[in-house]
Amino acid sequence: MSNQENAEYAPEHTPRLPWAQHAPEVYKAMVRLDGAARKGLDAKLFELVKIRASQLNHCAYCLDMHTKDALAAGESIQRIVQLSAWEESKHFYTDQEIAAIELTEAVTVLTDGFVPDEVYERAAKQFDEVQLTQLIASIIVINSWNRFAVTTRMVPGHYTPGQHG
């Protein structure tokens, strides 16, 4: 028996607030917005964007959900693991995926108060205007989900792929 099999893990934290129960119309609107944002985007790309934003926002709940959804969509474990260090492992991703990941970081962090022109231009070369608009919407939606989950301390680990849709 390995040490890990005998390990006692820390207890789960308690969520602060069941926000979806208290604001069901907001939750339903978010679900509709999420569905609308994903239209026309490749499922694997959509999940990579959600994972990367969730990594940056330290959203454990969304990381649990979207890594599981990415695997269910056929994404590889290696590409999911390498995503947090994508700049050192670009050879795992297409030019289009790199542009989407880069745009995800710029929109998520906004450290300079804007999305740099060169980041936007690289994305605009990889996506037509409709796809780019959908990508931007998807990035904004996952950032909103992250903020709900982090603020209310939603508990990761219990999601199963397809559970919410």
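**Entry 1: confidence**

What is the mean pLDDT of the chain, and what share of its residues reach 70 or more? I looked this up before anything else, as the model is predicted. The mean is 94, and 95% of the residues reach 70 or more. I then went through the elements. Confidence is lowest in helix α1, residues 3–6, where the mean is 61. Helix α9 has the highest, at 98. A caution for my own reading: where pLDDT is low, predicted coordinates should not be read in detail.

**Entry 2: the annotated stretch**

I checked the UniProt record next. An unreviewed entry there lists residues 24–105 as "domain: Carboxymuconolactone decarboxylase-like". I looked at what the model shows over that range. The chain is 72% helix and 0% strand there.

Glu-105 sits in helix α7, residues 95–109. Apart from neighbours within four places in sequence, Glu-105 contacts Arg-52, Leu-56, Trp-86 and Leu-110.

**Entry 3: the cores**

Which residues touch the most other members of the largest nonpolar core? I found Ala-100, Leu-103, Phe-127, Leu-132, Leu-135 and Ile-139, out of 15 residues in that core. Helices α4 (43–56), α7, α8 (117–126) and α9 each give two or more residues to this core. The most come from α7, which gives 5.

**Entry 4: aromatic rings**

How many aromatic pairs does a search of the whole structure find? The count is 4. I began with Trp-19 and Tyr-27. Their ring centres are 5.7 Å apart and their planes meet at 65 degrees. Planes over 60 degrees apart count as edge-to-face, so this pair is edge-to-face.

Tyr-27 also pairs with Trp-145. Here the centres are 5.8 Å apart and the planes are at 70 degrees, so this pair is edge-to-face as well. The pair links distant parts of the chain. Tyr-27 belongs to helix α3 (residues 24–38) and Trp-145 to helix α9 (residues 129–152), 118 residues apart.

Tyr-27 is partly exposed, with a relative accessible area of 24%. Ring pairs join Trp-19, Tyr-27, Trp-145 and Phe-148 into a cluster.

**Entry 5: cysteines**

The sulfurs must lie within 2.5 Å to count. The sulfur of Cys-59 has its closest cysteine sulfur in Cys-62, at 3.4 Å, which is too far for a bond. Starting from Cys-62, the closest cysteine sulfur is that of Cys-59. The count of disulfides is 0. Cys-59 is buried, at 1% relative accessibility. Cys-62 is buried as well, at 4%.

**Entry 6: backbone and a loop**

I noted two residues for their phi angles. Most residues other than glycine have a negative phi. His-58 has a positive phi of about 55 degrees and is not a glycine. It lies in the loop between α4 and α5 (60–72). His-58 is exposed, at 68% relative accessibility.

Arg-153 also has a positive phi, near 55 degrees. Arg-153 lies in the segment after α9. It is partly exposed, with a relative accessible area of 33%.

Where is Pro-15 found? It is in the loop between α1 and α2 (19–22). Pro-15 is partly exposed, at 43% relative accessibility. Beyond neighbours within four places in sequence, Pro-15 contacts Thr-152, Arg-153 and Val-155. My last check was a distance. Pro-15 and Ala-43 are 28 residues apart in sequence, and their C-alpha atoms are 29 Å apart in space.

Terms used
Residues are numbered from 1 along each chain as its sequence is written. This is a predicted model: local features need pLDDT of at least 70, side-chain atom pairs count only at pLDDT 80 or more; totals for chains, interfaces and linings use all residues. Side-chain values use heavy atoms; hydrogens and water are left out. Rings of Phe, Tyr and Trp (its six-membered ring) pair if their centres lie within 6.5 Å; planes under 30 degrees apart count as stacked, over 60 as edge-to-face and the rest as tilted. Buried means under 20% relative accessible area, exposed over 50%, partly exposed in between (1.4 Å probe, protein chains only). Helices (H or I, at least four residues) and strands (E, at least two) are DSSP runs, numbered from the N terminus. UniProt positions are given in the numbering used here, feature names are shortened, and annotations may be inferred rather than shown by experiment. Contact means heavy atoms within 4.5 Å. A nonpolar core is a set of buried Ala, Val, Leu, Ile, Met, Phe, Trp, Tyr and Cys residues joined through side-chain atoms within 4.5 Å. pLDDT is the predictor's confidence in each residue, from 0 to 100.
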